[in-house]
Amino acid sequence: MHKKLLLVIAAGIFALLVHRASLAKSIDPWTETLDVAIPAVVQLHVTYKRSVDTEMAGVSTATGFVIDKKRGLVLTNRHVTGRGPVSIRGTFTGQQQASLSVLYRDPIHDFAVLQYSPEALTESPAELTLKPEKLSVGQSIRVIGADGGEQLSILSGIIAKLDREAPYYGTLRYNDYNTFYIQAASSTSGGSSGSPVINVEGEVVALNAGANTRTAASFYLPLPIIQDTIEQLQDGEIPKRGGLGVIWVYRPVSELARYGVNVDELVGFGRKPDGLLMAENILPDASVGKRVEVGDVLWSVNGEQIENFVAYERTLAGLVGQETQLEILRNGELIDVSAQVADLQREQLASFVEIGDTIFQSIPNSAMQSIKGGVSGVFVANAGYLLRRAGVPDYAIITRLGDAVIESLDDLIAQLPLLHQGQQQQVTFLEVGREHLPQPRFIEWNTHWFEARQCHTELLSDQWQCTPLALQPAVTRAPQPELLRLLPVGDEQIDRVLPRLVQVSFDVPHPIDNTFAPHYEGWGLLVDESQGLILADRNTVPVSLGDALVNLLDSVDVPAQVVMLHPRHNFALLKIDASWLASVEWPPLTIAETERLGSGLTFVGFDLDAGLFKREITRVEPYALEVAQSNRPRYMQVPADLFQIPSLAQSMGGVLFDDQGHLEGILGSYAVNTADGGVEQLALAVSGSQIKRLLDEYYANQSLFDLGFHAVYESLSNLADRQIAPEFLQALRKASGLQRRAPVIRAVKRDSEAASQLRVGDVVLEVSGEAISGHVDIDRAALSGALDLTVWRGSQAIKVSFALEPVDHLGTAFAAKWQGALLQPPISEWRYLQNQETSEIYIASVDSGSQADADGLYSNQVITAVNGVEVNTIEAFLNAVQGRSGDVVITTANSVGRKRVIAMGVEDQFSSNLLLNRTQPEPFEAQQSIWSVQPR
């Protein structure tokens, strides 16, 4: 009986719950609305292949929605598509993916129309209808999109304002104008750009465009002009968009009175409006010229009274290319102004030039809005390698090349055939916001490292066609030794060393070996004037791939070649044409062979601002440099016996010499890994004996070796628990003196000879049978190419012998660019991180906006397979992908062997494919690069 009753009650409760759920669903009208609307929303994965306008190359996610599934039309924001070449992949309903092209970008407002092939989808998406007339304050809305990069988010809000001024996102950024915006509190963020704003009937009432990240406010674009444009596109027409070059703001009648505009007096000329448009800014290229002034109020266009933005834009759309009569109110008077209506579609970006990794284009609208006064020239969308070397920034406006006035991109293109490879030329430029201050710089025209071409597109086309550009062949620059003159300063010590101190700059076009910066500056020491040999540190010259300049006697910049990069120590040797030095009687240079630096020395060198100073040294401290392992391996000085001079901690570097003028040491810049993966700069000194050994190695053309291990000092007191035999401890105390320390193996390179003999934690007791005094003993012994060590392991002393690994005196000798990924053999430091054998195809970097960037090919990995077939060398990899179209499946692994599989597209137009080979020119030619660059 009770069981039956319980069953009846349970059944009743279940029925009630089902009824309530059904009732709730019927009560909440948004449930069915979203079920219908969501299948029309498209997540967009956008790759910006080049930096154009003020938008940088890269990858982002955004949203669009289908407005015409028969034609495959998708609506999104203009800031989503950018202005330049892009590739867009859309994820539609049912996780279907298809490519989209840009059919239309609006020249002013933040909307664009994409197109996909309906046949590419097996399941047809839904489509949404635009209903701008159904928008009202207080209306409940939903925003459906990829908010925050998520595949789908639904945000709610209530329309708060229909006539908000267009949001301002900052100088030299895209800013909409000549339109109202709609405001609501829906907390949209990155990724939701281009989302539909729908009402409860599932109709689109606005287009999500932006937000205030500090508040919950979101900004939506009204639909009337968007709707006009879409209808024209559906009819196969090019949408008409006219402009006068004026940015207007809306002012209500009550506010106009404060500006002296009495609308009541104007009623006889037309109906009384609620408000009018006032000129806030006149763009430099305005078709109205100076005939309209800031503060003018627009009354009519060709006799038609204008009361709002929509009426203004629709009127001008019908007058493109025509002479138009305006009536404006100025100082309370109605005056007539004539102007030709510009075709804004034709003024959009249609061409750009890339040369030396620099992108030139016409001045974009986003810059015009911030420019004061009439300015013409060529806009630098990306300063790149060519201009950044000379200190010309992004977004500069080039106005002159030498004596030639540059007013347009065509003017620049006309100058290029007149220029020679390597030619130096003064360029004059302006910066937005400082247009009244022209700035000169000297640039060197260089197309060696990057291709040079002009790319253009047609209206309503997403296809870019590129044609190569070429400079005239290089003209050999003859040395001019007469430019160099010694100018004594009157201080005997300074005059002895100052002429030999030179400033060195080094620029890296392609970041091999994980170089952490594109530009390096430091100092060098002229150590051999007969050979033009200059000693620098590897924090100034980190690799051989790049362009080096040496400033002699603060008089002339001379090109230099890298001739040696020491694999273990912070030394680089540069060579210049010695003919430059022939006219100067250089003071003699004697290098002392002392191992340790002490007080009583004199320093002459540079402060951090490259200013020269002299200082007497009263305190020198031994400094045991340790090397922190970094997940981003790059060249680092091995643990070594160096010296710290507290009074010179803020110096860029210089020389240390005794009272006899003998060079006792040099102070250089050292890059040291930090725990967070960054790089710290230290000023440390090295003794003359180490410098002497380096030069001896170079002159004798000796092989250079990698030790295969890193050892760091530990104090003998810390080693007490190792139970090291007393005779060894006594010998170590005597050899290390007051330091009382011994090297302990911290890291061993995988697959090196050292790895077969040494273990992490081994204490180095002897080198070649003698008690070790420091790292310097290992360094001396390494000159022979082998080491004989005695180490303490566990509870016993063990003798080990092994050969050292010979290394190239110039480091990496080969690299390749494929789909924007820079591939090279792994650098030495990578092998310290590996815990298993992997490939020799290391990904050093990935260009922003490249296909590798788009598909997620990460740097600091190695490639191990192509389409499931193992590859181990760069040559094998390039052969495996040669001629392939469509997707290529790449397998990568990190330093611990964890693998990823990436399906990559192949795109040859805007993803660099290059071969970079190091070839030493013979005979030596300082003006010729030791690297050849060939397209692949």
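**Getting to know this predicted model**

In strand S33, the residue that Asp507 has as its bridge partner is Asp547.

Q: Over how many bridges do strand S30 and strand S33 pair?
A: This is a predicted model, so let's keep that in mind. Strand S30 covers residues 501-507 and strand S33 covers residues 547-552. They pair in the antiparallel sense, and the number of bridges is 5.

Q: Which strands make up the closed barrel?
A: The barrel has 6 strands, and their pairing is antiparallel. Ignoring direction, neighbouring strands of this sheet are turned against each other by 40° on average.

Q: At about what angle does helix H11 run to S32?
A: Helix H11 spans residues 688-699 and lies across strands S31, S32, S34 and S35. Its angle to S32 is about 135°.

Q: Where in the protein chain is confidence lowest?
A: The chain averages a pLDDT of 90, and 95% of the residues score at least 70. Strand S3 has the highest confidence, with a mean of 98. At the other end, pLDDT stays under 50 over residues 5-10, which have 0 contacts beyond four places in sequence. The lowest mean, 49, belongs to helix H1.

Methods:
Residues numbered from 1 in each chain as written. Predicted model: local features only at pLDDT ≥ 70, side-chain atom pairs only at ≥ 80, totals over all residues. Heavy atoms only, no water. pLDDT = per-residue confidence, 0-100. Helix = DSSP H or I, 4+ residues; strand = E, 2+ residues; numbered from the N terminus. Contact = heavy atoms within 4.5 Å. Pairing = 2+ DSSP bridges. Axes fitted to C-alpha atoms, helices over the stretch in contact; angles between N-to-C directions.
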